[in-house]
Amino acid sequence: MSLLRFFRRRQWDEERARELAAYLEIETAENVSRGMSAEEARTAAHCKLGNPTLLREEIYRMNSLGFIETLWQDIRYGARMLRKAPGFTAVAVLTLALGIGANTAIFSMVDWLMFQQLPVQDPKALTYLGFVRGGPLHTDVQFSFPEYQQITAECGAQFDGMAAMAFGGTSGGQSGPDGLTFQGKTHPVQTYFVTGNFFSVLGLKPAMGRFFAPQEGDSAGADPITVLSWEYWLSRFQGDPDIIGKSVAINGHVVTIVGVGPKGFFGPTPLLHIQAYLPLGMLVIDAGTRRDFLGRSDARSLHIFARLKHGTTADQIRPALDVVSQHLLARYPRPDEKLNGMRAVPLRPPGMVSSESGNPLARTAAIFIILGVLVLMLACVNVANLLLVRATARRAEMAVRAALGAARGRLIRQLLTESLMLAFLGCVAGIATGLVATRALGAIHLPTILPVSFDFRFNWLVFAGALSATLLSSLLAGIAPALQAARPNLNAVLHDAGRSLTSRRQRLRSLMVTAQVAGSLSLLIVAGLFTRSLQSARQADVGFDPSHVSNLTMDPHQVGYTDAKGQAFYRELLERARALPGVESASLAAWIPMGDTEFGGPIDVNGIEPIKGQPHPSAHYNAVSPGYFHTMGIPIEQGRDLLESDSTSSPHVALINRAMAEKYWPGQDALGRQFSVPDEHNRPIQIVGVVRNFRMVDPYSPIEPAYFVPLTQHYFATVTLHIRSAGSDSGVIRQVLTLVDSVEPTMPVYTSSMTEALSGINGYFLFRLGAILTGILGGLGLVLAIVGVYGVMSYSVSQRTHEIGIRMALGAQRGQILTLVGRQGLWLVTAGLAIGVLVAFAVGQLIRDFLVGIGPADAPTYLVVSALLAAVAAAACMVPARSALRVDPILALRNE
Amino acid sequence: MPKRGAHPLQGEVLQGTLDLLVLQTLVLGPAHGHTIAYAIEHRSDDVLQVEHGSLYPALHRLEDRKWIASFWGTSENNRKARYYRLTPAGRKQLAVQTSRWEQLVNAINRVLRPQSE
C-alpha cells in the first residue's frame, strides 16, 4: 500500500463510489432489458451487489495506514481517560517525575565526579607522575624543580610533553589563597604556578592574548605576567575586552595580564577553581617560598604532568620510569618512605582523583547510585501497581468494548498507549525536576575561603537512561494488565460486574506492595543512619567551646606585607580588638580547627629513634598567640600558657595536647621535655604546658598528637583572629572589620562564626550533606510506599464491598470486618519490613565508613524507622479498612 | 495492518481462489466489474454464486499488487465503466497460482479417492 494512496484515500473512495454506481447502472439496465420494472430492476441490482457502503468502508480500510489512524484515536481516547482520572494521572506522573528527576540529578553529579573528562586535548593520554607507596592511591606526587629537570632530561622524550606546576597559597606554606589587588581592592585568588609549556602540554588555546612562552618560569621572579581563567575574567573584571596588558598586583607584586584561558577550563584539579596562572618562577611571591627554590632539591612542591605518546600506555612506560626513579632516589633521597618506584598515573576526571578502588568518591557515588536506583524501582513499581489497579477497575469497560467488537490487539494497544502517554508526561515533569535538582546540587554552598566550583550539568544522556528505564518498566507494567484486560471473560464480567477477584493479579499486586515497603524501609534506614551519624558527630564533644566565637581570617601577604610588617599588623590588631566593648577575649591562630587547612609534620623526640619501615613520629601543629586556649575554652591541664615574652629572642617553647604527651612520654611527665622539628633550623622546642585534647582535623578520627607554638616564633601570614564575645557574632564581626579597615583598608577579610566554620568540608558538611540527600531520597521512598499501600488496600476494599455487605448482613461485628480487611495489608507490610531490614543491612555495610558514633546495624535506627514505616503503612491500610465499615449491607447487595 | 480479506464467494471458498478466478477471467481481455462477476458465475455453470460486491475489494487488492491495471472506458451499452486488464506481473502470477491450485486439487483428490484410476 503506497503512502501516496493513504493521503489520497478520499479521492479513491469517490472513485470506488463511482465504480459501484456504474455497476448498479449496468445491472439495472440489464434487468430492465430482461423485462423487470424500473423499481424491481434497481432492487435486484442492489441485492446482487450487496451493501455498497460496507464495500467502500472495506476498501477505505485497505487504503488506510491502520496504525497511524488508530494511534491517533488511541491518543485522543487515552487523553480523555487520563483527564477523567486526574488523581490517578497526577500521582502516576508525579511518581515518574520524582523517580526520573532524582536519578538524573544523582547521575549528573556522579558523572561529573567520576567520568567527565578534562576539557583539554586528548585527556586520556594525560598522566601525573608519582612514587607509588603500596596502593595506586598512596602516591608521593610532590617533586622539586631539580628532580623535574632530571626526569625531563632522562625520559622526557618518551612522552609527548611534561610540565610541572604548583598551587599558589597552600603549597607555599600559607593556609589560604593569594590576594589579587585591582583598583584598590584585594580579593583572594587561587593561583597556579606552571612551567612555560603547561598550556601546550594540555593542548589549550587562549581565548584572548597569549599563554606562556617555553622559557618563561625558569628563573625566579623574572616573569611578572599572569593568565586569567575565563570565568574569573568574567566575574572579577566583568569580561573587560581590553584586559590584556593591564596590571594587577598579586600578593603586592605587580604583574601584567597577558592572556585569558578557554571557557570552561577550571584548571586540572578537582573542585578547586584555578583563577590565575603565573610562570613557575613567580612562586617566590608566595609567602614561605625561598628565592632559590628552583635550585633546591628539597623544595618539593611541584606536581608533574606527563602526556603519553599516542598509542603508548602507562604500563608500557613503566620500565623506563623505574630506571629514572632509581637514579632519582639515589641522587635525591626520600628518607622516610618506602617507595616502590615511579609511575605514570592516569589523570582521572575531574582532576587528580583516581577512580581505582579505595577512592572515597567512587564509593560515595556507588551508594547514591544504589539509593537512586532504589527510588527509581519504587517509582516504577508504584506506577505498575497503579496501572494494575486501574486495569482491574476498567475490566467492565474493556469487556463492553470487546463485546461491541473491538479487536483484542486494539484493546491492548489502547492500554499501552495510555501507559506511554503517562510515561511521556512523567518524562516532561522529570526533566523539570531533574533540572531543578541538578541546579540545587550545583548551588550547594561550601563555607570555605577557597574558590570551589561544582560544575554539575544536566546530563541528557543520563536523563535518557532514566527515561528508558521508566518507559520500559511502565510498558512492562502496562503489558500484564493489558493482556488480561483484553482477554476478559465477557460473560462473567458483564454479568456480575467483576465481583470475583482474579487471584493471580491480586498476588502480583501484593508482591509489589511488599517490594515497595521493603525498598522504602531500606531507603529510610540509610537516611536514618546518616541522620544519627550527623547527630552523634554534632553532639560529640569537640573539646572546645565553639559558641560565641567569631573568626576573621586575613593574610597581609596578599597586600604585599613583609613578615615583619605582618607581625606588627597583627600585634596592633590584637591589642585594639581586645579593647573593643563586648569582647571577652581575642587571640590568633594559623588555622581553624576542622577548617580548610591543617598543619602537621615529622618531629624528632629525644629518646625515640625512628624505626625503619615505620612512619616517622609526627604531630599536627598550630601557631597561636597567648590566650588562644582561653578564647577557645580549652583548659590547660598542666604548666602555663604561651606568654608575650615568648619571642624570637627567647628559647622556643610549645604546649602539647594530652594525646601527644601520652604517645611520646607515656606514664611520664611531659613538662620540660624537648622535641624538635627536622627542618633547616632543627631547634629544640621545650614543652611548657599540656592542654586537654580537642578536635583539630575532623569530627570523627581518633585525636592525634598536636603541639602549639607561638606565632611570634613561627610566623604565618594567613592568620585567623578568634574573638569570644558576649554579644552577637555579626555585631562583633562588624566592629572588627571597621577596625581592620582603619589599619589597612585594602586587606581582604574572610569572616565566619565558629559554628559556621565547623560546618565546613572537614567539619560536619559531609555528614549534613549525606543526611540531607539520603533524607530526601528516604522521604521519596516513604511517599511512594504510602501511595502504593493505600492504593492497593483501598482498591481491594472496593472490590470486596459485596462480600463485606454479606458478612455484615449475616451479623459480622465491626471489629471482625476491620480485622478481615486489615489483616491482608498488615501481612504484606510485615513481609516488606522483614525484607527491607535485610536490604538495609547490606547497604549499611557499604556506608559503614561514613558513619560516626554508630555502627551500620544501629539498633535504634532500625527500630525507630521500622516502627515509623509500620505505623504509616498500617494507617494506609486502616483508612480503606475503616471505609469498609461504612458499607451499607443493603446497598452493597442491591447494587450488584 | 489487519488483513481483512474479501468476503468469501459463498461459503468457504478461499480468498486466493477469487483472485485466481479474476485473473483467469482477464486473460481473455480487459473487462469491467460487472462483466467479470457474470463471467465467473457463468463459466462455473452457476456453481459459484458471487455476491458481486465482494469482487470489488478483491479487484482493489489485485490492483494494489500491480497484477491488474484499471482505466475508465465505455461499456457495450455506452455507459462509463471502470475496466481492468491483466499486467505482465499478473500473467506470471496467474501461472503460479494456477499450478499451485492444481497441485492442491490433485492432492485433495488423492486423499479423497486413493484407489481410483
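These are my notebook entries on two chains of a predicted model.

I number residues from 1 along each chain as its sequence is written, and chains are lettered from A and ligands numbered from 1 in the order in which they are written. As the model is predicted, local features need pLDDT of at least 70, side-chain atom pairs count only at pLDDT 80 or more, and totals for chains, interfaces and linings use all residues.

**Chain B, overview.** I found 4 helices and 3 strands in chain B (DSSP runs numbered from the N terminus: helices are H or I of at least four residues, strands E of at least two). Their pattern along the sequence is α-β-α-α-β-β-α. Of its 117 residues, 32% count as buried (20 or more other C-beta atoms within 10 Å of the residue's own; exposed is 12 or fewer, partly exposed in between; C-beta atoms are placed from the backbone). I also looked at contacts (C-beta atoms, placed from the backbone, within 7 Å). In chain B, 49% of those between residues at least 6 apart in sequence join residues at least 24 apart.

**Chain B, sheet.** I read the strand order of the open sheet as β1-β3-β2, with antiparallel pairing (two strands pair if DSSP finds at least two bridges between them). β1 (31–32) and β2 (68–74) are at the edges with a single partner strand each, so one side of each has no neighbour in the sheet. I counted 2 bridges from β1(B) to β3 (residues 80–86). His32(B) lies opposite Tyr83(B) of β3(B).

**Contact between A and B.** I found 23 residues from chain A and 20 residues from chain B in the contact. On the chain A side, α2 (9–33), α3 (38–49), α4 (52–63) and α5 (66–84) each supply at least two residues. α2(A) gives the most, with 9 residues.

**Chain A, helix α7.** I listed the buried residues of α7 (residues 145–155): Phe145(A), Glu147(A), Tyr148(A), Ile151(A), Thr152(A) and Cys155(A). They are on the same side of α7(A), because they cover an arc of only 155 degrees around the axis (taken from the directions from the helix axis to the C-beta atoms).

**Nonpolar cores.** I looked up the cores (sets of buried Ala, Val, Leu, Ile, Met, Phe, Trp, Tyr and Cys residues joined through C-beta atoms within 7 Å). The largest has 155 residues, and Val375(A), Val517(A), Tyr707(A) and Val789(A) have the most contacts inside it. Helix α11 (residues 360–393) of chain A gives the most to this core, with 17 residues. A second, separate core of 66 residues includes Cys155(A), Leu180(A), Leu202(A) and Leu328(A).

Terms used: Two residues are in contact if their C-beta atoms, placed from the backbone, lie within 7 Å.
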